[in-house]
Amino acid sequence: LAVLPTLPESHLPGRGARDLSEKSRSVTSAMASESMSPDVHGLVDATVSRRPSLPSSDVEATQEIGGSTNASDSTTTPPALQEVPENGTAATSLAETSSLSSSSARSSDRCSSEGWGGGRESLLQGALEVILDPARLEALSSCDNVMSYNSYNFFSRAFSIRGRNICMILAPLICLFLWSVMWSLLFLESTWYFDEIVSRHLTAVQHFIIEECKDDLITPLVNFISFLLAFRLARSIKNFWEARAAMGTLIATSRSNIADVTVGLMSPFRRTRSKLGDEQVGNEQEAMELLCEYSQWLAAFPIATKHYLRPETFTTKNYSKAYAKQRCEYGRLVSDVDAQKMIFECENSFGEASKVGVRVRDPPLVSLNRLHQLAWDVAYFEYEGVTKAPTPHAQSILFSRITDQINILCGSYGAMERIALTPLPFVYVVHLRSMTLLYLVLQNLSSVAKHGWTSLLLLLLLNWALLGVEACAVECEKPFGISRNHLLLGKMGKIVATNIGQALKELTMVSSSTKHGRN
């Protein structure tokens, strides 16, 4: 009996889950009698044999409760991808992820023994454990690299070097500093090092720069450079804000979508149960399987979006680790076949998902297309045993509402894709950088000619200030990487999963209150 609550595969995508659940119900009714025939024993053994074996440590833990993991529960990679990543929690071993199947089986047994209401509640509890898997959520949290600061403390991180994109401006900064040092040495008592003719020419150059160039040639460039840099930074900040707005729209729409799907699909059963008091009404378990499948694909969508906007570099050396890292973030939300489609954009000559080959898909669309298919099944679900099924008009309204929300999710993903793939025009960036370098070269030369080597430190700060504006613009222009200034895409997936879990938990509480006559 302990293995039966784990048989329904509702917490995994795929229509085969419903066939398994029907088998489990038939086995339950057969085992309820005093004796069980050899045929029924054979059915149980055949059903359980469809589930692959766990690693040795997991098998021992699972055998204690008489359960085993499901084929699509396992997050193990193909044999070539068994190597475990080394980058901390985000690269959690796939073996650790698959071992959570045994804990899911224990929880399912506990739900059955404590009177959760049979297979329906076991399905819901299994889906909650998959969506709110602590290892998976921790992997999503650890993939972000953000630096926080206190907005009300002016000196909070004011002198921090981290997060300033120093690597980008380091090379021009060093070149400008060497340029200033060279001219400061040339202008420093030049008669000590050169003959009289060279000394006279250097003195003339120094006098020309001090008297003529400062006000007539160099100063007018300040306003021009300031305008270019201000416009560049403003456009980059706008991109950052639009990306954050699209990310917020994705999270908010996911909340509304799971609420509408849950209420629209399960309300007829809840109303019937409140009137008749039956513990399970009609084909409620089939509806619960559909709800759990939809919930898991919805939770997988922000992860696919993150992987698309922040792609891993697959090479021959890190192929196993890169795949394992992304596969761990999906956990048991999707099967291995679906996970490969959502990780790899290409297909090989055999039509299989691959890291090389012909590019055929955008990974987030795999999840969106599946959600569109399930939306039809949810809206036009054929109810059995309910007192009042939704009318065709109500079903069409529900279908329209769910598909509109899925289209908004697609629009949010498209907005972030547009920002990631559309930098500022090349001609503007090239002109800005060349003019900025020209101004800094002339400004450094003028300051050294007038103030000598004493101006080197102040010139270094000036160079850093202007070049830093361009570095800030580059950081904000595409805010989807792993820099300390980029958006928390991993946290986005965690928030969506938490919201979906909350909706399913509240469905459990409503079912419990209905059963006790408090609805």
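In the predicted model, the count of salt bridges comes to 11. One of them joins the side chains of arginine 310 and aspartate 144, with an N to O distance of 3.2 Å. This pair links distant parts of the chain, since arginine 310 lies in the loop between α10 (284-309) and α11 (319-330), whereas aspartate 144 belongs to the loop between α6 (134-142) and α7 (166-187), 166 residues apart. Arginine 310 has a relative accessibility of 10% and therefore counts as buried, because buried means under 20% relative accessible area. Aspartate 144, at 16% relative accessibility, likewise counts as buried.

A salt bridge also forms between the side chains of glutamate 329 and lysine 306, at 3.1 Å from N to O. Here two helices are connected, with glutamate 329 in helix α11 and lysine 306 in helix α10, and the two residues are 23 residues apart. Both glutamate 329 and lysine 306 are buried.

Glutamate 470 pairs with arginine 433 in a further salt bridge, in which the closest N and O atoms are 2.8 Å apart. Glutamate 470 is located in helix α16 (residues 456-477) and arginine 433 in helix α15 (residues 426-451), so that the pair links distant parts of the chain, 37 residues apart. Glutamate 470 is buried, with a relative accessible area of 7%, whereas arginine 433, at 36% relative accessibility, counts as partly exposed. Through salt bridges that share partners, Arg433 and Glu470 are joined with Arg232 and Glu477 into one network.

Definitions and conventions. Residues are numbered from 1 along each chain as its sequence is written. This is a predicted model: local features need pLDDT of at least 70, side-chain atom pairs count only at pLDDT 80 or more; totals for chains, interfaces and linings use all residues. Side-chain values use heavy atoms; hydrogens and water are left out. A salt bridge is a side-chain nitrogen of Lys or Arg within 4 Å of a carboxyl oxygen of Asp or Glu. Helices (H or I, at least four residues) and strands (E, at least two) are DSSP runs, numbered from the N terminus. Buried means under 20% relative accessible area, exposed over 50%, partly exposed in between (1.4 Å probe, protein chains only).
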